[in-house]
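Take a walk through this model, from the whole chain down to single residues. Keep the viewer open as you read.

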Amino acid sequence: MSQLPPGVVESLQQLLLGLESSDNSIRSEAEKSLNNDWILARPDFLLSGLAEQVRAADSPAKRSFAAVLFRRMASKASTKDNQPSELFLSLAPDIKIYIRSVLLSCFSEETDKAARNKTGDAVAEVARQLSDAGMCSPLPIITRASAHWLFRVDFSLVSISLLKALYSDNLFTIVEEPWPDLLLALFLASKQPDPGQRESAFRIFATTPGIIEKQHSEAIQGVFVTGFGDDDLGVRIAAMEAFSAFFRSIKKAAQKAFYPLLTHILNILVPMKDSQDSDNLSRALMALIDLAEVAPLMFKPLFNNVVKFGISVVQDKDLTDSARQNALELLATFADNAPNMCKKDPLYTSEMVTQCLSLMTDIGNDDDDASEWNESDDLDMDESDLNHVAGEQCMDRLANKLGGSVLLAPTFQWLPRMMTSSAWRDRHAALMAISAISEGCRDMMEAELDKILDLVVPALRDSHPRVRWAGCNALGQMSTDFAGIMQEKYHSIVLTHIIPVLESPEPRVQSHAAAALVNFCEEAEKEVLEPYLDDLLRRLLDLLHNDQKRYVQEQALSTIATIADSAEVAFSRYYDTLMPLLFNVLNRPQDPESKDLRLLNAKAMECATLIALAVGRERLGNDAVQLVQVLGRIQQNVTDPDDPQGSYLLHCWGRMCRVMGNDFLSYLPAVMPPLLELASAKADVQLLDDDEHVAQIEQEEGWELVPVRGKYIGIKTSALDDKYMAIELLVIYAQQLEAVFEPYVQSVMRDIAIPGLSFFFNDAVRVASARLVPQLLNSIKKAHGPGSAKLVEIWQPTLGKILDVLATEPAVDTLAELYQCFYESVEVIGQGCLPAEAMSTFINAAEGALREYQQRVQLRLEEAQKPEEEREDNEDALYAIEDDQTLLSDMNKSFHTIFKHQGVSFLPHWERLLLFYDAFINNPDPTQRQWALCIMDDVLEFCGPESWKYQNHFVQPLVNGLSDPIAANRQAAAYGVGIAAKNGGPMFSEFVAATIPKLFEVTRHPQGREADHVFATENACASIAKVLHFNSSKVGDVQAVVQAWVGTLPIVNDDEAAPYAYSFLVQLIEGKNAAVLGNVPQIFDYVVRALDAETIQGQTAERVVAATKNLLAMAGGSAAQVLASMPVERHNAARRWFS
């Protein structure tokens, strides 16, 4: 019987009829009433009434509809006590209790399967809300009355003691919680005679695993084992799905207790395959995939059996594609999450390769001659659910996770045979396999490129168009994955064979050949491209004729644009042919109603502006003004937000700014408004509170769905990408225009750059904002001068924001960018720009960052101690180490910049980091030692004698650093000794003198002149010179040291070290020191080599040359005489300076 007034019940029934009406107007009015008269005005009546309709409606369809609507309405956003809530949680306690009791009653009484499932979903939604709010009881209150009321159970058959026996005494708790009967109801439902009841119980467990995650594992295992062994297949599948959801919800440490259940789960699969039950097999495999993602090692004892079963499903063509692909996905998930386990299995790799290649041949089944394929203009058709795409994607994953040492042998066991097969699908699959694996197998394939190209290149002349297309695809992918070597070593093979493909009779092949050329040309130097430009551009121009398909013309323009970007000034000779053609395209009248030519126009704009950038302003001449006028006219006509010309225009304006420099200023008023609008955009974030809304968003492009507490948050990522791109363009404008960009700086800084630093919806936006800030400050500085009131005014809030985000940024790679923003900004503002409070705040942030870094290092060390198969992905670990090294480097540059501009005033704040410094300087990790050495170098360089009080922290580490096995650390230590000699004063005399033998050892390192070690060698040479020049009072036999020092020259790499060393050499020459007078040819050679390498320049070079000429004169010789004994390659430099 309803607890609501009769009039309310009747109104609600009428509302439901209206919402189900097929008449749009009636349904629309009902939806308005639902929102205004019920959700906003009477949510308690709405949810109570819907719950009652779930029980009382006269047909299963109506009861199902009421349950679905209840679930949607219960999760609607609402407020409670001025806090955001969900509609159900916002109701009064007694109403919530009533609704729960009605729903549980419906769940136990419903006989129709579909309606019961919908009711179960409604129950699960309420349970989810209570669980998320921390209200749901972890253990149920069990009473005779509640159990009888729930299930009408005769307790002469079921006693309380029996119910309590479901748990041991120490597991059973009687508590007063809002929904004490739910868990008991579900456990009892899982044991009901009706399989529909049992299945529904597991369905609720699956959607709300939180209600059981705190129960004792033995009790839960018993329930699941019973479910896995149920006579009804639907129950078994539901139990699998519930277990998968439950398993993912518990902590990793608790998961191992449930590993033994895997055997029961796997026993469910085989009968489904044997009976060809593809739909249920697919569901079961999806549940297994979830388990494999979070706990792949759970499968280790049975892995070989899992592999055999999975392969048997993939190769069974009587099963549906979905079932076969899910089996493949399961096996690929193991490669993603446990690659070592896969490598050790004797069957895994060879069988996976075989089945992937087989799936890749499942293509074009009803289109053998590819006529339908070639006629299609939809190049972006979604084929993600097709077998050949599944096979390709799986090969890519295997290559990236297993590597070439494992994958190449079984793959190339097949590929040569497939390439010579008479079946075009085999040849196509082989080429697509090469495309798929080249990135992951790069290191091993690079050595075999000659042989691989011998397989690929003939495919460009294949009789079948799809094979030629695949050949283009392989060469394009290889041009990216083997960038550098492909362009330098194999340009002739690639270009001479792929350029003729531009004249293929099939548009799809033409277009793909042009696209492959983009990949090749992007990575090619202009010297490589120049010999091919005539032939290449002639054929690309042919593709622009009107009788070509539009997508071919668009791709041709993109390829020409890429070539212009790579060829640079070498492209000038084609300017007169191409630019008029592009102007013709851009000046054509456009029908505002027609969208057909928009993308072609956009590509033409891109091409024209990249050509302008390539040939430069002088070659562009008056066309520069004409081009920006054309761009301006097009911009005025872009009104549709989906018009691709809009986003292309923004990049085009950026290029024209780079071409025109300050001449671009007059166009900024037209360019800036749309750019500022994009850059200022707020995040489009929506809470999706029903399945329909989720489904709608999933169909739209540019959205990312994030699951949060049983719902989804939709984030419009396409808008965030546009925001990032707009901020990057603002960086270009501020960088190029400097002072003349000043009128925009204040608003851009306030509305875009500063908020962007903490725009946590998108890492790229924060990074772009960090790059923008120093450029904006520089614009103000250039316009008003250093130290100006305007600069000080904008600096104070900017500094505060930067310091805030340094302390809160969660992403390591983005944090490094923020430190770069900090030190570049300080560099712009200059001397004394950091008050004491700011320096203290900076140290607070640095302490936090260093502490978190140490924690990450510790976690990696612990990970390395695990058995090999249990370790996290090695590639991810390498990326994390690289990110940390970048962060430490940018933190070091920040310390350097502060010391440079604040000097000794920074020392009291920096002292707080000495504990970190001491830990790092003695750490076995060379990165940490380098970080500490570099900071101490800065203290010595900018604080001079004041740094002596830290001698206990740096003297021995610097000495030890001179013997460090890592060259970069020897370099840092050597530099530190030299700068201590130069800036430290008398207090450092004894220390720097004592390091001279160690410095000589650095210069005599067996690999001292090789690329990785030479900077350490040259810094040691320069540091000996600094000791001798600035601080030699405690050096014993100075002349002996000088004599030995001369032999440590030349310095031909480090242009910071060279001026000190060669200035000291000048001092020796001017002092007529015997060490130089007796080694004139050698000294002359050292000087010429430094001049040739340009490590000494300007006045320093002139002083060194003048002194060397005097040395030659003193020795009674000439440059020509010494030149005769020098290697020929240095003659030009010697003549240039000493003629």
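The paragraphs below go from overall dimensions to helix packing and then to selected residues.

This is a predicted model: local features need pLDDT of at least 70, side-chain atom pairs count only at pLDDT 80 or more, and totals for chains, interfaces and linings use all residues. Residues are numbered from 1 along each chain as its sequence is written, and side-chain values use heavy atoms, with hydrogens and water left out.

Start with the whole chain. It has 1139 residues, and 53% of them are buried. Buried means under 20% relative accessible area, exposed means over 50%, and partly exposed lies in between, with a 1.4 Å probe and protein chains only. The C-alpha atoms fill a box of roughly 120 × 75 × 65 Å along the principal axes. The chain exposes about 49200 Å², and carbon and sulfur atoms supply 50% of that area. Accessible areas come from the Shrake-Rupley method with a 1.4 Å probe; for residues, only the protein chains shown count as cover.

Next, the secondary structure. The chain holds 61 helices and 5 strands. Both are DSSP runs numbered from the N terminus: helices are H or I with at least four residues, strands are E with at least two. Now take contacts between residues at least 6 apart in sequence: 73% of them join residues at least 24 apart. Contact here means heavy atoms within 4.5 Å.

The chain is divided into four stretches of assignment: domain 1 (8–137 + 177–256), domain 2 (681–887), domain 3 (912–1047) and domain 4 (1049–1138). These bounds come from an automatic or database domain assignment. Between the C-alpha centres of domain 1 and domain 3 the distance is 71 Å.

E10 sits in helix α1 (residues 6–19). Its relative accessibility is 53%, so E10 counts as exposed. G49 is 39 residues away from E10 along the chain, yet their C-alpha atoms are separated by 9.9 Å.

How do α2 and α3 cross? Two packed helices are described by the angle between their axes and the distance between the axes. The axes of α2 (residues 24–39) and α3 (residues 43–56) come within 7 Å and cross at roughly 115°. Axes are lines fitted to C-alpha atoms, for helices over the stretch in contact, and angles run from 0 to 180 degrees between N-to-C directions. The two helices are therefore roughly perpendicular to each other. The cut-offs are under 35 degrees for roughly parallel, over 145 for roughly antiparallel, 65 to 115 for roughly perpendicular, and oblique for the rest. On α2, the contact is made by L34, W38 and I39; on α3, by P43, F45 and L46. By class, the contact has 6 nonpolar residues, no polar and no charged. Nonpolar covers Ala, Val, Leu, Ile, Met, Phe, Trp, Tyr, Cys and Pro; charged covers Asp, Glu, Lys and Arg; the others, Gly among them, are polar.

Move along to P339, in helix α18 (residues 339–344). P339 is buried, with a relative accessible area of 14%. Beyond residues up to four places away in sequence, P339 touches F334, K401 and L402. K401 is 62 residues from P339 in sequence but 6.2 Å away in space, C-alpha to C-alpha.

R970 belongs to helix α51 (residues 967–983). With a relative accessible area of 3%, R970 is buried. Leaving aside neighbours within four places in sequence, R970 contacts G961, L962, D964, P965, V1002, H1005, H1013 and A1016. N1019 lies 49 residues from R970 in sequence and 8.8 Å away, C-alpha to C-alpha.

Finish with backbone details. Q276 is not a glycine, yet it has a positive phi of about 60°. Q276 lies in the loop between α14 (262–274) and α15 (278–294). At 33% relative accessibility, Q276 is partly exposed. E1094 also has a positive phi, near 60°, in a residue other than glycine. Its loop runs between α58 (1080–1093) and α59 (1098–1114). At 48% relative accessibility, E1094 counts as partly exposed. Last, a cis peptide bond joins L1049 and P1050, with omega about 5°. P1050 is in the loop between α55 (1038–1046) and α56 (1058–1070).
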